[in-house]
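Here is a walk through one protein chain and the two ligands beside it. Keep the structure open and find each residue as it comes up.

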Amino acid sequence: MTYPTFDRNPLDLAAEAEAAGLSAGDYVVGELRSGRLRFSVEDPDDPANFPRLLFVWRANLLGSSGKGHEYFLRHLLGSDVEAVLAEETPPELRPRDVVWRDEAAVGKLDLLVTLDFRMTSTTQFADVILPAATWYEKSDLSCTDLHPYVHSFNAAIDPPWEARSDWDAFADLAQVFSRLAKDRLGVRRDLVATALAHDTPAEASQPWGEVRDWRAGEAEPAPGTTMPAIATVERDYGAIHEKQTSLGPLVESLGIGAKGVSWRPDEEVAWLGAANGLVRGGAGDGRPSLERAEQAAEAILALSGATNGRLSHEGFAALERRVGRPLADVVEGERDARIRWSDVTARPQKTLTSPEWSGDEAGDRQYSAFTINVERLKPWHTLTGRMHFFLDHQWLAELGEQLPVWRPPLNTPERYPQMPELGEGAVALRYLTPHSKWSIHTDYQENPMMLTLFRGGTVVWLSPADAARMGVADNDWVEAWNRNGVLDCRACVSPRMPEGVCYIYHAKDRHVSQPRTEKTGKQGGTHNSLTRVLLKPTHMIGGYAQLSYAINYYGCTGSQRDEVVVVRRRADQKVDYR
Ligand SMILES: Nc1nc2c(c(=O)[nH]1)N[C@H]1C(S)=C(S)[C@@H](COP(=O)(O)OP(=O)(O)OC[C@H]3O[C@@H](n4cnc5c(=O)[nH]c(N)nc54)[C@H](O)[C@@H]3O)O[C@H]1N2
Ligand SMILES: Nc1nc2c(c(=O)[nH]1)N[C@H]1C(S)=C(S)[C@@H](COP(=O)(O)OP(=O)(O)OC[C@H]3O[C@@H](n4cnc5c(=O)[nH]c(N)nc54)[C@H](O)[C@@H]3O)O[C@H]1N2
Ligand SMILES: [Mo]
């Protein structure tokens, strides 16, 4: 869901529901029906509806991820270096279901906080920068779905100056917040809307893939079926720090799990109590301590099937009962395997086969996705339990995408709706921003070894034919612009590029070799100055088996590929970085 979700404070909504003697869902339905309550996405420029605080952690939102960089600078930050070049959309092209205000909100945020150890495009704009400890100054875990190992970070030295580990930074914030919030907020109930989630009964809530809109009178508004589920959660604001630093009781009472199976880690919680020590007093009284980062890492390793063979076996046993196929024997040989903090501190450890994933990696076998589905006939988590190439959802039918199809670009230089006037020698090209070969996003590109492999700053890759049309030679300075923004950089002319397309590789920070542009006279810009997000309607399908929301797996992607830019040679080849 989006936050804020409604145009009223969710703490007040929960209290009002209670005072009215209604369930949170019934209360919200009544308020929505009467028109007294609205989803905030229906009127995003209403000051009641936008967020005021943005906390960026382990991301470089304004240098890497944020598609539509200049819109972030204008609408979120109200920065004077924004360079949005577009005019407001004409009335006939504006959305009808979302309120369009004459004055779009500028500078929505009151506070931007970032926790990072580099000076990035995001930290440059932040009001508060919390200095993070680096990988050699703290204890942390690293594991991804791209390699079958779990690693630890181990401190070679203490964090210098005011730097803190991520765990400590959050704990310190939580401590101050809890102290201040104890009296001001106390214990409240918070009303929360959640998506129709994959691997829950909600994924069967839109049968036949038919979307019935209760606003249009096609159905009743029913939380968890025709609209988001509504729940209330107790927030003990004075106990946030105590809760962060102790393992909560729900791991045993509700169990933990993933993808539709769960397990109860009773033994592990007892073991963690002995290994980490127990908390005395407060909300976490008698529970395993998570005060230090190593203790949090130990808890993660103890509670995941990928590092605890007993839990993996339990998960597969639950899965066997669910799907009616023998599966637990896959992990029989790893039943006693346990990877602890001391193990990953000694060396990286190969992870275990776990029902949290889909591949068999027992013994020497390397991970490959879906081998358990293929070899052991474990059903896919789909409508039919099989792989789907055909999708019978109403919206996909409407758009002709029930089977994989080739779709031409939405915008082409010929059809671009708001193409700025092309100047002399300027050429319109399709614009792509694939991942850099010389960095991981904005990381790792500035060390001398990497810098010898490429040209350092931003370059736009052009085909020889397009470069010839604009009179550009390799390494010349060019300007690239469109409705979203403008960027000056060097040209890399290469026969690798097909005619009609240009690349600016993702991602460079806006203060790295980024000169003033000729168009605006302002310094800066990134590859994402020329993009903006276009949401694809079919990505908003939900509540229909595999087409259901799952965190980090399924939801709207930030699609930015259908974009066109104009490129020309800079009139002045001498650039200015001030
Ligand atoms: N136009 C366009 N935009 C894109 C993409 C594209 O292809 N084209 N790709 C998209 C994709 S797939 C992704 S994943 C995103 C990536 O976008 P981001 O995740 O925003 O990119 P990074 O530059 O990796 O930012 C990670 C930040 O975390 C910091 N960091 C690293 N380790 C730690 C740590 O231990 N603690 C703390 N506190 N900080 C740490 C780094 O210094 C860095 O500043 O970009 C997306 N945006
Ligand atoms: N060196 C390096 N490695 C990385 C990363 C990094 O930043 N640097 N980032 C990591 C991360 S977080 C991610 S998500 C992955 C991303 O890795 P990939 O998914 O490989 O992502 P890209 O390089 O952005 O895009 C791949 C190709 O898609 C093409 N393409 C663009 N539009 C279309 C289209 O409409 N149709 C088709 N068929 N192709 C199209 C582009 O030309 C490009 O060659 O890489 C990971 N590995
Ligand atoms: Mo990514």
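A polar contact is a pair of N or O atoms within 3.5 Å; within protein, one atom must be able to donate a hydrogen and the other to accept it. Keep that cut-off in mind. Remember too that this is a predicted model.

Start with Thr245. This residue sits in the loop between α7 (240-244) and α8 (250-253). The side chain of Thr245 reaches the backbone oxygen of Glu242 at 3.5 Å. Is Thr245 buried or exposed? Its relative accessible area is 9%, so Thr245 is buried. Leaving aside residues up to four places away in sequence, Thr245 touches Val279, Ser289, Leu290 and Glu291.

Next, go to ligand 1. The shell around this ligand holds 26 residues. The closest are Ser65, Asp116, Lys138, Thr442 and Asn528. Now look at some atom pairs. An N or O atom in the side chain of Lys138 is 2.6 Å from an oxygen atom of ligand 1. Asp166 places a polar side-chain atom 2.7 Å from a nitrogen atom of ligand 1. For Thr442, an N or O atom of the side chain is 2.4 Å from an oxygen atom of the ligand. How much of ligand 1 does the protein bury? Taken alone, ligand 1 exposes 930 Å², and the protein buries 84% of that. By class, the shell around ligand 1 has six nonpolar, 13 polar and seven charged residues.

Move on to ligand 2. Around this ligand stand Leu432, Pro434, His435, Ser436, Ser439, Ile440, His441, Tyr503 and Arg561. Which atoms come within reach of a polar contact? The side chain of His435 has an N or O atom 2.9 Å from a nitrogen atom of ligand 2. His441 uses its backbone: a polar atom there is 2.9 Å from an oxygen atom of ligand 2. A polar side-chain atom of Tyr503 lies 2.6 Å from an oxygen atom of the ligand. Taken alone, ligand 2 exposes 920 Å², of which the protein buries 44%. The shell around ligand 2 divides into four nonpolar, four polar and one charged residues.

Now for a sheet. Strands of a sheet pair through backbone hydrogen bonds, either parallel or antiparallel. Here, an open sheet of three strands runs in the order β4-β5-β10, with antiparallel pairing. Why is one side of β4 left without a neighbour in the sheet? Both β4 (140-142) and β10 (349-350) stand at the edges, each with a single partner strand, so one side of each has no neighbour there. Three bridges join β4 to β5 (residues 149-153). Take one residue of the pairing: the bridge partner of Leu141 in β5 is Ser152.

Turn to helix α4 (residues 69-77). Its buried residues are His69, Glu70, Leu73 and Leu76. An α-helix has 3.6 residues a turn, so residues three or four places apart point the same way. What covers the buried residues of α4? The cover includes β1 (53-57), α3, α5 (121-125) and β14 (485-493). Just after α4 comes Gly78, with a positive phi of about 65°.

Strand β6 (residues 187-194) is the next stop. Ala193 has its place in this strand. With a relative accessible area of 4%, Ala193 is buried. Compare its position with that of Arg335, 142 residues apart along the chain: the two C-alpha atoms are separated by 39 Å.

Finish with some details of the backbone. Tyr3 and Pro4 are joined by a cis peptide bond, with omega about -10°. Pro4 lies in the segment before α1 (10-19). Another cis peptide bond joins His506 and Ala507, with omega about 5°. Ala507 lies in the loop between β15 (501-503) and β16 (563-569). Ser513 is found in the loop between β15 and β16. Its phi is near 50°, a positive value in a residue other than glycine. Ser513 counts as partly exposed, at 36% relative accessibility. Ala545 is also found in the loop between β15 and β16. Phi of Ala545 is near 50°, again positive in a residue other than glycine. At 4% relative accessibility, Ala545 counts as buried.

How values were computed: Residues are numbered from 1 along each chain as its sequence is written. Chains are lettered from A and ligands numbered from 1 in the order in which they are written. This is a predicted model: local features need pLDDT of at least 70, side-chain atom pairs count only at pLDDT 80 or more; totals for chains, interfaces and linings use all residues. Side-chain values use heavy atoms; hydrogens and water are left out. A residue is near a molecule or strand if one of its heavy atoms lies within 4 Å of it. Accessible areas come from the Shrake-Rupley method with a 1.4 Å probe; for residues, only the protein chains shown count as cover. Ala, Val, Leu, Ile, Met, Phe, Trp, Tyr, Cys and Pro count as nonpolar, Asp, Glu, Lys and Arg as charged, and the others, Gly among them, as polar. Two strands pair if DSSP finds at least two bridges between them. Helices (H or I, at least four residues) and strands (E, at least two) are DSSP runs, numbered from the N terminus. Buried means under 20% relative accessible area, exposed over 50%, partly exposed in between (1.4 Å probe, protein chains only). Contact means heavy atoms within 4.5 Å.
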